[in-house]
Amino acid sequence: MHVPLEPELSDLVSVSAPAGNALFGSGVSWSLGVEDRQQPAARVLALLLAGNLQQFRSFESGVLSDLDPEQLHGYRVSLRRARSLLSSGGSVFPGAQRQELLVQLAEFGGVTSRVRDLDVLLEELPQLYRAVGLGVGVDDGKQSSESQELRAALLRNRSGAFADLAARIDPEGAQAAKYQAMLRLWYALGSVHRLGGDDPGKDALRPSVVVAQATVLRQFGKVRSAGRAAKKSNEVSDWHRLRKRTKALRYGLVAYAPLLNEPAVSDLVSRLRKLQNVLGLQQDHAVQIHLIEFAGVQAGGRTALLAGAISEHLRLEALKDLQSCSAAWSRFDQSSFKGDLAAAVTL
């Protein structure tokens, strides 16, 4: 079964390592299937993590060329999937190395976020100009000096953020050593046969299907708890926490789908994505407020006034987002999802 994940990425079906790549070995090919249900969890999770790494590295040259923003998006999705797998695999992966890699991935994820957030904001900038009354000239290139200066400030910030990212990925970059260390550890934890390191977790030898079932149910419990807390508080931080929990459950379902009752998985993934998309708008607006205000301060003068007007518009949108989040959670928090999830994990 193919679990659709657009607009992010389609599911990773197989791991096929390029021959001659020192970080992958030679020509390993594997795909997760029902026959792996009784395989040790340590083997299956390691191979899934290796698949995340292979997919992640496939985007490197595209990210460095900086011609298509979707290359960076795919790069980041692969990174998030690896973080999700490691986060939920605490009882399987060796403890110290797992925690070290999680820290490295989170730090590198922050470097990529700065570029991606500015890409999204720059794409939406014409719409934001129209929202504050700059409709004339936005689309025909005859923009006001203030709108041009604000865009120029955002582009400078984006250029700086990309330079920081490229300094990691490029082997000749100033920060390349940190990136290579992250890749080496990622590769080590994605290797079925390891030499050295801590002992694996207590569930390393349990059947992978048992670990997958327990992981998905545990992640759902976290989603439900976070959602009800956010509904009660209606705080931005609580909705953001729910978004992260929702994403973790979705990634878990996608990763383990072949071990579960696959026909029941696709609809669950779709419903989770719909909830996540609503929650994501709130987070996007919060980030954009910061980026716009910072660029406005850099530009100064009347451009700062324009940035302030856009910031105020985004704050009003963020207030609407809180209502949308609450409504989306109410639609999601139904007994039907719990029943469908139980069907997905019952074999």
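A nonpolar core is a set of buried Ala, Val, Leu, Ile, Met, Phe, Trp, Tyr and Cys residues joined through side-chain atoms within 4.5 Å. With that in hand, let's look at this predicted model.

Q: Which residues have the most contacts inside the largest nonpolar core?
A: They are Phe56, Trp186 and Leu253, in a core of 87 residues. Helix 4 (residues 95–131) gives the most to this core, contributing 12 residues.

Q: What does Phe56 touch, not counting residues up to four places away in sequence?
A: Its partners are Tyr75, Ser78, Leu79, Phe108, Tyr179, Met182, Leu183 and Trp186. Ring pairs also join Phe56 with Tyr75, Phe108, Tyr179 and Trp186 in a cluster.

Q: How many aromatic pairs does the structure hold?
A: There are nine.

Q: Why is the pair of Phe332 and Phe337 called tilted?
A: The ring centres are 4.5 Å apart, and the limit for a pair is 6.5 Å. The planes meet at 50°; stacked needs under 30 degrees and edge-to-face over 60, with the rest tilted. The pair is therefore tilted.

Q: How do you know whether Phe332 and Phe337 are buried or exposed?
A: Buried means under 20% relative accessible area. Phe332 has 8% and Phe337 has 1%, so Phe332 counts as buried and so does Phe337.

Q: What makes Asp36 count as buried?
A: The relative accessible area of Asp36 is 5%, against a cut-off of 20%, so Asp36 is buried. Asp36 sits in the loop between strand 2 (29–31) and helix 1 (41–58). Leaving aside neighbours within four places in sequence, Asp36 contacts Trp30, Ser31, Arg43, Val44, Ser208 and Leu259.

Technical notes: Residues numbered from 1 in each chain as written. Predicted model: local features only at pLDDT ≥ 70, side-chain atom pairs only at ≥ 80, totals over all residues. Heavy atoms only, no water. Phe/Tyr/Trp six-rings, centres within 6.5 Å; stacked < 30°, edge-to-face > 60°. Buried < 20%, exposed > 50% of the residue type's maximum accessible area, 1.4 Å probe, protein only. Helix = DSSP H or I, 4+ residues; strand = E, 2+ residues; numbered from the N terminus. Contact = heavy atoms within 4.5 Å.
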